[in-house]
2 protein chains.
Amino acid sequence: MEIKQPYLLFLADAADPLAAKTSIGVAQWRPEACVGQVRLPGCKADALVPDMTAREAAAKGAKTMIVGAVNRGGVFSPAWMQAMNDALEAGLDLAAGLHQRLVDIPEIAAKAKKLRRKLFDVRHPTEQFPIATGKRRSGKRLLTVGTDCSIGKMYTTLALEKEMHARGLKASFRATGQTGILVAGGGVSIDAVVSDFVAGCVETMSPDNAPDHWDLIEGQGSLHHASYAGVTLALIHGAQADALVMCHETGRPHMRGLPGYKLPDLREAIDLNVLHARLTNPKAKCIGVSLNTSKMTARAAATAMKRIEDKVGLPCVDPSRTGVGRIVDRMLRIK
Amino acid sequence: MEIKQPYLLFLADAADPLAAKTSIGVAQWRPEACVGQVRLPGCKADALVPDMTAREAAAKGAKTMIVGAVNRGGVFSPAWMQAMNDALEAGLDLAAGLHQRLVDIPEIAAKAKKLRRKLFDVRHPTEQFPIATGKRRSGKRLLTVGTDCSIGKMYTTLALEKEMHARGLKASFRATGQTGILVAGGGVSIDAVVSDFVAGCVETMSPDNAPDHWDLIEGQGSLHHASYAGVTLALIHGAQADALVMCHETGRPHMRGLPGYKLPDLREAIDLNVLHARLTNPKAKCIGVSLNTSKMTARAAATAMKRIEDKVGLPCVDPSRTGVGRIVDRMLRIK
């Protein structure tokens, strides 16, 4: 699956920035790949790129319109159809990460077929993947893991890519969730892969590479999350990571979506992730902690990071406050 | 999914007993549900039930013909079509556990539709499952786990059911793989479920029950298997098991299908499975080891079981040599 860039971002009638977080994320991490945005009346979100029509975007070189807003229940709103039609008419492909599929909307599917446009439903993999072999691959790999879901794994992985590219290092972001896929223009929504093939899928998406090349694999879920830990473990085994980065946020009252389930101790979480990672890569180690301090003052954040460093003996960063340079420094020491 | 019993077993042209192991397994564990078998010329397997035609089986009350043989590549052989047609004509449903689906054979699908027979492709779940909630359920649960794949988990679970029923105890075998499903007449092939929903699927298949009722959940894979550990972890979390039974075989040169991957230490395997099980059931414990000693002499088997008991401090049984009574004794102590 290769989604052609640059993009036009469709924010639709997003009721708040959260409802358009996919578009906003794509614009944040790939500003050079976003020519503009389409917003419907009442839209309360802004990806900070120029507003324009699909026709104007096509004239500026756009190849794909990202349907980067969510609606209740993960379905496409009837109010969005005109804009999606306009994009197809203007020569653009469509890509979306909703539960409902573009290909299941008869009107859109028919028009795309007639005009020979592609429809990408990134939450619904269509490829076949092999069973994991566990065979070691050349090149290096980093995987982000977490004490919980939705805790900053994609953000951290993309920050690592940005820092490595700024230093002229070889690195590829490997997307495993819908926003990441739209940012990267490819990848697999691995929580939608049949369970037998998840580890094999991760092996496939991070193949043999140059000895000094790093695959930066976006993590999913958490080994400590009662709903999704199986996805995480398959990802850990398939990644054969040389380096893990543990993502964390302090102060969460319980695991996401699971009242009554407390977050794990950070040290224990690191140890358990490393233990499992060593099955397929005996040299695997955790090289740092990425702390989401977005709800803290600068002072509280600094204290929290210092406390974690003292506790686990590893660099603790917040990508948006401190950058991830200290983690990249550690990566470069891995031979 | 409920597959109607009793069955007619189709052993086809199985080249050896292994190629008909599904039929043989069903006849072994549900002899009362098997009225007969159909064997084609050249069949080298025997489920030890009377040979008969589909018409004769229907007259004896058979409701479903189990296509209980495998062919190279998991596809149906053209040589099987006549017998499958005959079964539909005689009034039977068809159930199969191959990779290829019955519903994808146009001739069979059309005939089934015309005659209103049901086709069950047990390796391909068609139900939708929820995301796991992690909420505790009433009733008790036992899950079989293993140091490797194909090491006796289904066999052990069915032996526990048989022993409990013989003692008049309340127990239900919960099938998670194709042979188990055909034995039970229902269940879900969980390695074919989309990864996000595996733990939720297990929660669904072992719902609230009476306080003295035991769900005996068939395990899959192994936490130490680089290809399938994610399936196993989702199963452990969804099961919320009160009791685990560790299945093991000594002398395997490497993990099944993974040259270079050694089997884990038995004590470490028990500890890791219990650690994960306690996330969703803090009282989870391992209550015994089930050792597959089928390749040993009686004397070597006795020595091996004694050695394991000394090492891990738990009862070690071989269901086919010693029965599983000592494990059921331990289950009854769990309040």
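Colleague: In what order do the strands of the open sheet in chain B come?
Modeller: In this predicted model, the six strands of that open sheet run E7-E8-E6-E9-E10-E11, with parallel pairing.

Colleague: Which strands stand at the edges?
Modeller: Strand E7 (171–174) and strand E11 (316–317) of chain B. Each has a single partner strand, so one side of each has no neighbour in the sheet.

Colleague: How many bridges join E9 to E10 in chain B?
Modeller: Six, between E9 (residues 243–248) and E10 (residues 285–291), and the two strands run parallel. As an example, Cys247(B) has Ser290(B) in E10(B) as its bridge partner.

Colleague: Switching to helix H8 of chain B: how many of its residues are buried?
Modeller: 11 of the 11, covering residues 229–239, so the helix is largely enclosed by the rest of the structure. Among them are Val231(B), Leu233(B), Leu235(B), Ile236(B) and also His237(B).

Colleague: What covers the buried residues of H8(B)?
Modeller: Elements from both chains. From chain A, the cover includes helix H7 (198–205) and helix H8 (229–239). From chain B, it includes strand E6 (140–146), helix H7 (198–205), strand E8 (214–217) and helix H9 (266–280).

Colleague: What follows H8(B)?
Modeller: Gln240(B), with a positive phi near 50°.

Colleague: Since chain A came up, what rotation superposes chain B on chain A?
Modeller: A rotation of 180°, with 0.0 Å of shift along the axis and an RMSD of 0.0 Å. The copies are thus related as by a two-fold rotation axis.

Colleague: Through what surface do the copies meet?
Modeller: The same one on each, because 100% of the interface residues of chain B are interface residues in chain A too.

Colleague: Where are the domains in chain A?
Modeller: Domain 1 covers 7–121 and domain 2 covers 140–332. Their C-alpha centres are 29 Å apart. Nine residues from domain 1 and five residues from domain 2 take part in the contact between them. On the domain 1 side, helix H1 (residues 21–29) of chain A gives the largest share, four residues.

Colleague: Last topic, the largest nonpolar core. Which residues touch the most other members?
Modeller: Leu8, Leu11 and Leu94, in chain A and in chain B, out of 226 residues in that core.

Colleague: What does Leu94(B) touch?
Modeller: Leaving out residues up to four places away in sequence, its contacts include Met65(B), Val67(B), Met84(B), Leu102(B) and Arg117(B).

Key:
Residues numbered from 1 in each chain as written. Chains lettered and ligands numbered in written order. Predicted model: local features only at pLDDT ≥ 70, side-chain atom pairs only at ≥ 80, totals over all residues. Core = buried A, V, L, I, M, F, W, Y, C linked by C-beta atoms within 7 Å. Buried ≥ 20, exposed ≤ 12 C-beta atoms within 10 Å, placed from the backbone. Contact = placed C-beta atoms within 7 Å. Least-squares fit on C-alpha atoms with pLDDT ≥ 70 in both. Pairing = 2+ DSSP bridges. Domains from an automatic or database assignment.
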